[in-house]
Structure formats: C-alpha cells, structure tokens
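Subject: Handing over a structure, with notes

Dear colleague,

I am passing this structure on to you and would be grateful if you could look it over. My notes on what was found follow below it.

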Amino acid sequence: MFSYIFLPKGILSKKSIFRPISSYNRGFFSNIEITQIVTELVMIFTKKSRDRMSLYFVNSFRQLLLLKLQRIVFFTLFLISFVGVAQDISINDPVPVAEGNSGPTTLTFTVTISESPLIDLTVDYSTVGGDSPSGTLTFLALTATLSQPVVVTTTGDTVPETDEAVTVTLANASINGNITKASGSSSFTNDDPYSATITATDALAAEDPLDAGQYTVSLDVPAEGDLTINYTINASSTATAGDDYTALTGTVVILDTQSSATIALTPINDTDVEGDETVVVDLATGTGYDVGTPGSATVTISSEDLPPDPVATITATDALAAEDPLDAGQYTVSLDVPAEGDLTINYTINASST
C-alpha cells in the first residue's frame with residue numbers, strides 16, 4: 001500500500017508537495033478505494049502530463065463521491081423501512097384522587113403509543129408532586145401493549161390543606177417516537193375539613209356614640225388558600241337588620257395562611273326609645289370546613305334614647321279617717337307609664353293642713 005499521494009502544485013519542482021494519505025481521508029473512503037486511486041494516479045503520472053493526471057483525479061473523486069451518496073440514500077431508505085414511521089406518544093389527565101387519612105394513596109397516569117413499534121421505543125418521564133417519580137418507559141418491538149402506567153404516590157393525613165397538584169412530563173423519545181401530548185395533570189384532593197368556630201370578641205355595641213361590636217370566626221389550623229365561611233342571623237335576635245344595625249353579608253373569608261377573620265356589627269343611630277337589643281350570629285355549613293363549638297355568638301346593641309320621666313299623681317283613695325274607732329285614710333300615688341325599675345316619689349305635708 002502506498003504511504004503518500006503526489007499532488008502537483010504549479011510547475012513541478014523540488015518544492016512539490018507530498019502529504020500523507022491519512023491527511024485526506026476522514027473515514028469517507030475505504031482503504032481499498034484509496035489504494036485504487038493512488039495506484040491509478042502513479043500509473044497515469046508515468047505516462048501522462050500533470051494536467052491530465054489532475055483531471056483524472058478529479059473525475060475519479062466525483063465517481064467515488066457519487067457512489068458514497070448512493071450508499072447513503074440506500075442506507076436511509078433501509079433505516080426508514082426497518083424503524084418504521086414514528087409512533088405518537090401521549091399521556092392522559094387522570095381524575096383527581098382523595099389523599100385519605102393515612103398510608104399511601106396512588107394516582108395513576110397512562111402513557112400510550114399509537115401503534116406497535118418495529119424496534120424498541122423509549123420515552124423518559126419526570127414528575128412534580130407526590131413522591132415525584134422519574135424514569136424511562138420501554139415499549140418492546142412488535143409489542144401488543146400500547147399503554148403503560150406512571151404511578152405517583154402520596155401519604156394520607158388528617159391535616160386540612162389545599163389540593164396537591166401533580167404533573168407528569170414526557171421527554172427524550174427514541175427516534176421512532178413522536179410526543180404529541182407531553183404533560184399530564186391531576187391532583188390529590190384534600191379530604192380533611194377545617195373546624196370553624198365563632199365568638200363575640202366585642203360583645204357590646206352602642207348607637208351613640210357609635211361603637212361597633214365584633215365577631216371573630218376562627219379555624220383550628222391556618223387556611224391553605226382562601227376559605228369562605230357562611231353564617232346566618234338567628235331568629236331569636238331582637239335587633240332588626242337595616243333598622244337597628246347595618247345588614248351583614250352572610251359570608252366571611254379567612255385568607256390564605258390566616259386562622260381567623262372578623263365580622264363587624266355596626267349599629268344604626270335612631271331616636272326610637274328602646275331597650276337593649278341583640279344580634280345572634282350562627283355559623284352555617286359550607287365547603288371545606290365543619291362547624292365546631294361554639295357555633296353561635298351574640299352582640300348586644302344599647303340605645304341612648306331614654307323615655308321621658310313618668311308623671312306622678314296622687315289621690316285620696318280613702319279620704320275619711322276616724323280616731324275611734326280607728327279608721328286609716330289612704331293616698332295612692334300613680335304614674336302615667338309603668339316604672340322601668342324602682343322609682344322613689346317624694347312628697348310633703350302642705351302647710352294648709354289643719
């Protein structure tokens with residue numbers, strides 16, 4: 001085998017260039033093909049001019065290049081026929097699953113291919129949420145199994161919390177795979193309700209000067225996400241919404257990470273003569289919580305509007321008295337309205353008395 005190839009450059013001289021064959025071969029020609037080229041070039045060089053030798057070299061190179069291109073096309077067609085058309089790969093969105101109160105709970109995603117592959121098909125998966133599994137699924141050549149599960153696990157508890165989102169993502173499919181739906185989503189749902197209670201943290205309200213009362217609704221643990229608590233006004237309340245106090249909405253929101261929220265009771269000042277009145281608030285059922293104890297609280301509204309002083313009168317209901325036999329006379333003191341509480345009435349003896 002020849003170690004060097006002679007390439008004339010310009011006029012042949014002592015500075016003609018010799019280069020190792022390895023400097024021209026980058027794995028494109030086989031050793032046999034290189035030997036044929038060198039052999040033919042040496043034979044031509046001894047018989048023909050340098051110019052004709054260069055032309056012959058170019059023609060030979062083109063012929064070999066064409067042969068290589070033909071081989072590449074043939075190999076590509078062979079590869080396509082062997083591997084087959086790429087199979088579609090997708091993942092579903094399973095129905096959410098309650099997390100449970102203890103032990104492991106699983107959520108199963110399903111990865112599906114459109115047809116059985118001619119060669120093994122692989123695809124990677126990764127997970128966010130749950131125990132975050134990751135790995136590679138393999139569908140064997142000519143398999144009849146077109147679906148495989150990805151199982152995500154969490155541990156149940158009795159702590160109220162938000163739903164736990166889970167996402168599984170497909171990536172890096174083999175050459176015969178085409179990912180058409182790369183992500184599947186679902187969740188482990190919370191099945192542990194909060195316990196809500198209510199107290200009157202300011203149980204006394206007044207019309208004038210205005211002093212609002214306050215209820216506080218509390219949870220046993222801080223909320224994960226905003227939580228709406230429902231309530232109603234108990235029929236035993238003596239105050240009337242819109243007349244004695246500003247009507248309440250019937251709901252209060254405990255914000256994310258908080259464990260309580262307040263309800264303000266604002267009295268309406270009027271001139272009605274009335275006694276103390278009450279507003280009794282009861283917690284009502286709703287989503288994500290249970291009503292605990294206490295579930296009811298009372299705020300009392302006081303009024304500054306007092307009735308006028310009652311009018312007192314006196315009459316002699318027994319106007320005749322006698323010494324002997326003894327017979328007592330009697331005066332009766334009366335009010336125009338019943339007394340609210342004990343009332344002391346003063347009197348004197350008129351100087352005209354004989």
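Predicted model: local features only at pLDDT ≥ 70, side-chain atom pairs only at ≥ 80, totals over all residues.

Residues are numbered from 1 along each chain as its sequence is written, and side-chain values use heavy atoms, with hydrogens and water left out.

Val 217 also belongs to the largest nonpolar core, which has 25 residues and in which Tyr 215, Val 217, Leu 219, Ile 229 and Val 279 have the most contacts. By such a core I mean a set of buried Ala, Val, Leu, Ile, Met, Phe, Trp, Tyr and Cys residues joined through side-chain atoms within 4.5 Å, where buried stands for under 20% relative accessible area, exposed for over 50% and partly exposed for what lies in between (1.4 Å probe, protein chains only). Among the elements that give two or more residues to this core are strand 12 (194-202), strand 14 (213-219), strand 15 (227-233) and strand 18 (277-284); strands here are DSSP runs (E, at least two residues), numbered from the N terminus. Apart from this core lies another, of 17 residues, including Leu 121, Tyr 125, Val 166 and Val 168.

An open sheet of four strands runs in the order 17-14-12-19, with mixed pairing, two strands being counted as paired if DSSP finds at least two bridges between them. The edge strands, each pairing on one side only, are strand 17 and strand 19 (289-291). Strand 12 and strand 14 run antiparallel and are joined by six bridges; Asp 202 has Gln 214 as its bridge partner in strand 14, and Ala 196 stands opposite Leu 219. Strand 14 is likewise antiparallel to strand 17, again with six bridges, and there Gly 213 stands opposite Leu 265.

Some backbone details remain. Most residues other than glycine have a negative phi, and most peptide bonds are trans. Against that background, the bond joining Asp 208 and Pro 209 is cis, with omega about -5 degrees, and Pro 209 lies in the loop between strand 13 (204-206) and strand 14. A cis bond also runs from Thr 293 to Pro 294, with omega near 5 degrees, and Pro 294 is placed in the loop between strand 19 and strand 20.

Ser 132, in the loop between strand 6 (121-128) and strand 7 (135-139), has a positive phi near 50 degrees and is partly exposed, at a relative accessible area of 38%. Asn 172, found in the loop between strand 9 (164-171) and strand 10 (177-179), has a positive phi of about 55 degrees and is exposed, at 59%.

With best wishes
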